[in-house]
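Then read on, and keep it open as you go.

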Amino acid sequence: MKKIILSLAVLLFSASAMLGQEIKWMTMNEALEAQKKAPKKIFMDAYTTWCGPCKMLDKNTFSNKDVIKYINRHYYPVKFNAEGTEEINYQDMSFKNPNYDPKRRGRNSQHDFARAMKITGYPSLVFFDEEANLIGPIPGYRTPQQLELFLKMFVDEDYKKITSPEAFQEYSAAFENEFTDLK
């Protein structure tokens, strides 16, 4: 009986530990402060509250154990509502959303920071280097395996060698996925 109870306790603890794994999201301002103490690239999920593919990204991609582990280890992960009201202080400038309408349902005014990053669709996955310089946004929904390519390309700085669409095609074709479909 003791073995059964001990086994159940271990099983429940393991399950809760696995369920507790998640990306340690922060605000852009928090990530910029963290970079000052320990330089690391920033990975930003620029989303909106009405965006279906944004919700799919949360459900299908950001819940993947390999994605969670990799992002938490190699990036400061930022969750940014591209139509929200957060004030962002970036490169000696303050970005806001002065046209935000709290009464509006669905689409709202685009945040000035999203506009400055040239975000044109949601979700957009935005990458910054260790000094908070914008590398660029990647628009659209990505599966864990599709996201893996970009996460590793930016961490390994392979993007600096890719100078044409053909070079990206070659890089993509040669890339070997390690992330699984498991959550």
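First, some ground rules. This is a predicted model, where local features need pLDDT of at least 70 and side-chain atom pairs count only at pLDDT 80 or more, while totals for chains, interfaces and linings use all residues. Residues are numbered from 1 along each chain as its sequence is written, and side-chain values use heavy atoms, with hydrogens and water left out. Helices (H or I, at least four residues) and strands (E, at least two) are DSSP runs, numbered from the N terminus.

**The sheet**

Let's start with the strands. Four of them make an open sheet in the order β2-β1-β5-β6, with mixed pairing; two strands pair if DSSP finds at least two bridges between them. The edges belong to β2 (75-81) and β6 (134-139), each with a single partner strand, so one side of each has no neighbour in the sheet. On average, and ignoring direction, neighbouring strands here are turned by 20 degrees against each other.

Now for the pairs. β1 and β2 run parallel and are joined by seven bridges, and in this pairing aspartate 45 sits opposite lysine 79 in β2. β5 (residues 124-128) and β6 run antiparallel, with five bridges between them. Here valine 126 stands opposite proline 137 in β6. Helix α4 packs on the sheet, touching β1 (41-47) and β2, and its direction makes about 105 degrees with that of β2. Contact means heavy atoms within 4.5 Å.

**The helix pairs**

Axes are lines fitted to C-alpha atoms, for helices over the stretch in contact, and angles run from 0 to 180 degrees between N-to-C directions.

| Helix pair | Axes come within | Crossing angle |
|---|---|---|
| α4 (residues 65-74) and α6 (residues 144-155) | 11 Å | roughly 20 degrees |
| α6 and α7 (residues 165-174) | 11 Å | roughly 110 degrees |

Angles under 35 degrees count as roughly parallel, over 145 as roughly antiparallel, 65 to 115 as roughly perpendicular and the rest as oblique. So α4 and α6 are roughly parallel to each other, and α6 and α7 are therefore roughly perpendicular. The α4 and α6 crossing is left-handed, whereas α6 passes α7 in a right-handed crossing. A crossing is left-handed if the near helix is turned anticlockwise from the far one by less than a right angle, and right-handed if clockwise.

Which residues of α6 and α7 make the contact? From α6 come Leu149, Phe150, Lys152 and Met153, and from α7 come Phe168, Tyr171 and Ser172. In the other pair, Val67, Tyr70, Ile71 and His74 in α4 meet Pro144, Leu147, Leu151, Lys152 and Val155 in α6.

Is valine 78 buried or exposed? With 1% relative accessibility, valine 78 counts as buried. Buried means under 20% relative accessible area, exposed over 50%, and partly exposed in between (1.4 Å probe, protein chains only). Valine 78 lies in strand β2, where five of the seven residues are buried. Methionine 26 is 52 residues away from valine 78 in sequence, but their C-alpha atoms are 4.9 Å apart in space.

Glutamate 157 is partly exposed, at 26% relative accessible area. Leaving out residues up to four places away in sequence, glutamate 157 touches Lys41 and Glu130.
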